[in-house]
Amino acid sequence: MAAAALALTGCGGHAVRPVEQTGAWRVDPPAREDVDAKRLDAAGAWGDRVLPSLTALLVARHGRLVFERYYHLGAANQPVPILSITKSVLSTLVGIALREGRLGTLDLTVGDLFGADVPRGADSRVRSITLRQLLTMTSGLGSRATDPLGDGGNAYRTTPNWVRTILGAPLARAPGTSFFYDNGDAHLVSALLQRATGTTAAAFARDELFRPLRIEPGPWSADPQGVTDGAAGLQLKPRDLAKLGELYLRHGRWGGRQIVPAAYVRDATSQRVSAADTGRGLGYGYLWWTFRGAGFPRLFLAIGSGGQLLIVAPALDAVVVLTSTSEQVAPDLTELELARRVFDAIRR
């Protein structure tokens with residue numbers, strides 16, 4: 001059963017202001033946002049019953065929370081490991097760096113920013129890998145041989161210098177030719193961003209993303225050289241994950257300020273490459289997933305191992321957040337079915 005449920009507030013009209021205006025989520029009765037409360041409650045109860053590892057389910061529409069429940073030791077104001085959702089936060093930082101002119105183009109190469117730091121003996125093609133290819137997981141790094149567990153390939157984490165290990169790894173295919181999910185790509189994005197901005201991704205996020213959105217992040221780990229972990233390692237509260245989704249629903253604007261360029265938001269959350277080998281109707285943008293499936297509106301998602309999902313439905317002006325303690329690497333059909341039940345409660 002749910003451990004906690006926040007009381008619904010507000011009275012008459014839209015007394016509850018959207019989060020982008022206040023920086024703080026307020027809970028509005030679902031009916032006021034054209035959401036069927038009974039169906040939404042039924043979806044939450046179904047998720048509680050069939051997902052024993054579920055810890056939080058949040059639903060926002062029109063910038064207002066209409067549902068917030070915590071289950072099985074989950075609690076409000078508790079940062080949780082968001083694992084690979086970290087990648088989508090990192091993508092957001094790339095967009096901000098473009099807006100500020102700290103990055104001029106996504107076509108910067110490893111050779112441009114790392115130069116002589118590329119290890120001797122590395123495949124000569126490594127220097128030609130672009131930031132865009134790293135964002136779309138088409139760098140050519142990673143293979144079934146280096147990722148037998150299907151967890152994105154984490155062997156580099158056992159070495160004394162993650163970046164040099166990744167740069168020195170053999171290419172499995174020519175850069176830019178095909179998608180392969182590889183954590184090393186995301187960590188190189190963090191390293192490139194640090195070279196371009198002169199500060200770590202964690203510090204850049206604190207000043208340029210978290211502070212404007214009034215997010216108080218939990219820890220964000222780094223490699224032995226102090227490069228912020230680009231693939232995972234960040235902790236955020238479920239409500240703060242929902243803020244990230246809301247920022248993307250608003251095309252990168254927050255309280256009248258353009259935090260992320262609208263064009264970058266569009267490109268990051270559109271399918272840039274096919275991820276057909278996943279067999280789940282998924283595509284990939286710039287460290288964001290896209291999804292099309294029968295019975296669903298068009299979605300884009302940030303996905304973390306163990307059942308962490310940030311789901312954005314632009315046509316419904318809605319954001320859904322799920323957190324979990326599952327040991328599964330990827331979400332299964334049960335979590336998608338829970339999302340579908342939530343969307344069925346939202347009136348078009």
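Trainee: Where is Gln-235 found?
Mentor: Gln-235 sits in strand S5, residues 235–236. Keep in mind that this is a predicted model.
Trainee: Is Gln-235 buried, exposed or partly exposed?
Mentor: Its relative accessibility is 25%. Buried needs under 20% and exposed over 50%, so Gln-235 counts as partly exposed.
Trainee: What does Gln-235 touch, leaving out residues up to four places away in sequence?
Mentor: Pro-79, Val-80 and Pro-81, plus Pro-217, Gly-218 and Pro-219.
Trainee: And how far is Gln-235 from Ala-15?
Mentor: Their C-alpha atoms are separated by 31 Å. Along the chain the two are 220 residues apart.
Trainee: New topic, cavities. How many are there of 30 Å³ or more?
Mentor: The count is one. The largest cavity has a volume of about 40 Å³.
Trainee: Which residues line the largest cavity?
Mentor: Val-89, Leu-209, Phe-210, Leu-213, Ile-215, Leu-236, Asp-240 and Leu-244. Helix H8 (201–210) and helix H9 (238–249) each give two or more residues to that lining.
Trainee: How does the lining divide by residue type?
Mentor: Seven nonpolar, no polar and one charged.
Trainee: Back to Phe-210. Which residues is it in contact with, leaving aside neighbours within four places in sequence?
Mentor: Val-89, Ala-205, Ile-215, Pro-217, Trp-220, Leu-234 and Leu-236.
Trainee: Which residues touch the most other members of the largest nonpolar core?
Mentor: Leu-93, Leu-135, Leu-209, Phe-210, Ile-311 and Phe-343. That core has 111 residues. Helix H3 (residues 85–100) gives the most to this core, with seven residues.

How values were computed. Residues are numbered from 1 along each chain as its sequence is written. This is a predicted model: local features need pLDDT of at least 70, side-chain atom pairs count only at pLDDT 80 or more; totals for chains, interfaces and linings use all residues. Side-chain values use heavy atoms; hydrogens and water are left out. On a 1 Å grid over the protein atoms alone, a cavity is a set of points where a 1.4 Å probe fits but cannot get out, and a pocket is an open set with protein on both sides within 12 Å along at least five of seven lines; lining residues have an atom within 4 Å of a point. Grid points are joined across faces, edges and corners, and a volume is the space filled by probe spheres set on the points. Helices (H or I, at least four residues) and strands (E, at least two) are DSSP runs, numbered from the N terminus. Ala, Val, Leu, Ile, Met, Phe, Trp, Tyr, Cys and Pro count as nonpolar, Asp, Glu, Lys and Arg as charged, and the others, Gly among them, as polar. A nonpolar core is a set of buried Ala, Val, Leu, Ile, Met, Phe, Trp, Tyr and Cys residues joined through side-chain atoms within 4.5 Å. Buried means under 20% relative accessible area, exposed over 50%, partly exposed in between (1.4 Å probe, protein chains only). Contact means heavy atoms within 4.5 Å.
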